[in-house]
Amino acid sequence: MERIVGTVSRGLRAPIIKEGDDIASIVVETVLQAEAQGEFRVQDRDIVCVTESVVARAQGNYATTEDIAKDVRSKFGEETFGVIFPILSRNRFSIILRGLAMGARKIVLMLSYPSDEVGNHLVDMDVLDIKGINPWTDVLTEEKFRGYFGFNTHPFTGVDYIEYYKSIMKECGIDFEIIFSNNPLTILEFTKNVIACDIHTRARTKSLLKKYGGQKIFGLDDILSVPMNGSGFNQEYGLLGSNKSSEDKIKLFPRNSQPIVERIQKEIHDKTGKIVEVMVYGDGAFKDPVGKIWELADPVVSPAYTKGLEGTPSEIKLKYLADNQFNHLKGEELKRAISEYIRNKDESLVGNMVSQGTTPRRLTDLIGSLADLTSGSGDKGTPIIYIQGYFDSYIK
């Protein structure tokens with residue numbers, strides 16, 4: 001019978017992961033249990049995706065707000081410092097801000113506008129146009145911002161993030177002021193000491209600040225890059241990719257995940273004879289056209305993956321072939337012609353028009369996004385995603 005079904009992505013329910021659990025063994029056992037229940041048969045080049053959250057939880061990679069504060073005090077002492085370009089998030093940044101404020105005497109908080117780096121809006125761009133404000137050149141105080149735009153809540157969370165972040169700093173009893181600018185150099189008019197909180201543009205931001213007079217310049221990736229009093233840490237990403245665990249505790253991005261994915265791959269091979277690919281995934285990389293949020297608030301989609309997931313897809317656009325080389329064919333004749341073309345395609349299609357329209361992204365970003373959409377971020381209880389048929393083509 002001719003195969004009809006292509007790629008299938010399944011969420012696998014796993015036990016609630018706690019600190020100290022053997023995450024690799026749990027993943028392998030969950031996959032094998034699902035197979036035993038007749039859900040699927042493990043095949044070569046299947047993909048096992050494990051959310052970063054349960055990996056970090058099993059590692060016990062946690063830190064408290066006091067751990068953050070201690071690191072901040074070690075870097076700035078009693079000096080005023082700027083906190084620039086944070087994302088607008090109750091889950092991501094609020095607990096970090098509390099830790100920063102606990103270690104500060106005074107903070108100058110600089111927010112980008114009309115939105116943060118990942119698309120959370122403080123104000124709509126259309127409103128900027130109406131008010132005649134240029135976000136690339138105009139620097140606004142909090143008073144001016146409110147005068148132009150008033151008080152606005154996020155359409156999905158219902159939170160006024162300016163007031164929310166103010167309340168956190170007030171609770172910590174520190175001096176602060178808030179400004180709005182998209183130019184990182186603006187902060188140097190207020191202080192030469194800065195924590196750059198942007199995620200994907202952090203290297204450029206820190207470089208510019210150092211070049212134009214910044215003195216003590218750090219990024220969130222430099223905070224808790226080493227442990228404080230035995231706390232969790234991430235040597236590569238620091239606080240980037242962290243999530244709120246409680247009102248005074250965060251879960252950091254997992255560290256040293258490569259041995260975990262390789263062990264899962266090996267144990268599944270030992271038990272089934274099949275070679276699957278394995279990755280740890282965080283946020284997917286895609287944009288919500290309604291909420292305007294670019295999902296990727298983690299520093300990378302995948303911090304660890306097996307070798308078979310390196311690179312980008314090398315795929316042919318079927319509709320291009322059907323509309324061009326083989327537009328004179330139809331039915332079985334068209335199918336045979338396209339199938340033969342696929343069998344003989346070049347290993348690399350870079351620059352070849354037959355690949356135009358295919359997604360020019362890394363495999364890990366594409367697969368991680370699929371896994372993130374499948375698992376969701378709520379109460380589905382499926383931190384393991386099992387994907388089949390991803391590497392299959394029209395002829396397989």
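Here are some friendly notes on the structure above, point by point.

1. **What you are looking at.** This is a predicted model, in which local features need pLDDT of at least 70 and side-chain atom pairs count only at pLDDT 80 or more, while totals for chains, interfaces and linings use all residues. Residues are numbered from 1 along each chain as its sequence is written, and side-chain values use heavy atoms, with hydrogens and water left out.

2. **The overall build.** The protein has twelve helices and 14 strands; these are DSSP runs numbered from the N terminus (helices: H or I, at least four residues; strands: E, at least two). Of its 396 residues, 51% are buried, where buried means under 20% relative accessible area, exposed means over 50%, and partly exposed lies in between (1.4 Å probe, protein chains only).

3. **Contacts along the chain.** A contact means heavy atoms within 4.5 Å. Among the contacts with a separation of 6 or more, 71% come from residues 24 or more positions apart.

4. **The largest nonpolar core.** A nonpolar core is a set of buried Ala, Val, Leu, Ile, Met, Phe, Trp, Tyr and Cys residues joined through side-chain atoms within 4.5 Å. The largest has 51 residues, and Phe93 and Ile107 touch the most other members. At least two residues each come from α3 (65-76), β4 (81-84), α4, β5 (106-111), α6 (142-149), α7 and β7 (175-180). Apart from this core lies another, of 28 residues, including Ala14 and Ile264. In soluble globular proteins, nonpolar side chains tend to be buried together.

5. **A look at Ile107.** Which residues does isoleucine 107 touch, not counting residues up to four places away in sequence? They are Phe81, Val83, Leu100, Ala101, Met169, Ile174, Asp175, Phe176 and Glu177.

6. **Where α4 meets α7.** Ser94, Leu97, Arg98 and Ala101 in α4 meet Tyr164, Tyr165, Ile168, Met169 and Glu171 in α7. The residues of this contact divide into six nonpolar, one polar and two charged; here Ala, Val, Leu, Ile, Met, Phe, Trp, Tyr, Cys and Pro count as nonpolar, Asp, Glu, Lys and Arg as charged, and the others, Gly among them, as polar.

7. Valine 8 sits in strand β1 (residues 8-12). It counts as partly exposed because its relative accessibility is 25%. Valine 8 touches Tyr386, Ile387 and Gln388, not counting residues up to four places away in sequence. The C-alpha atoms of valine 8 and tyrosine 386 are separated by 8.2 Å, although the two are 378 residues apart along the chain.
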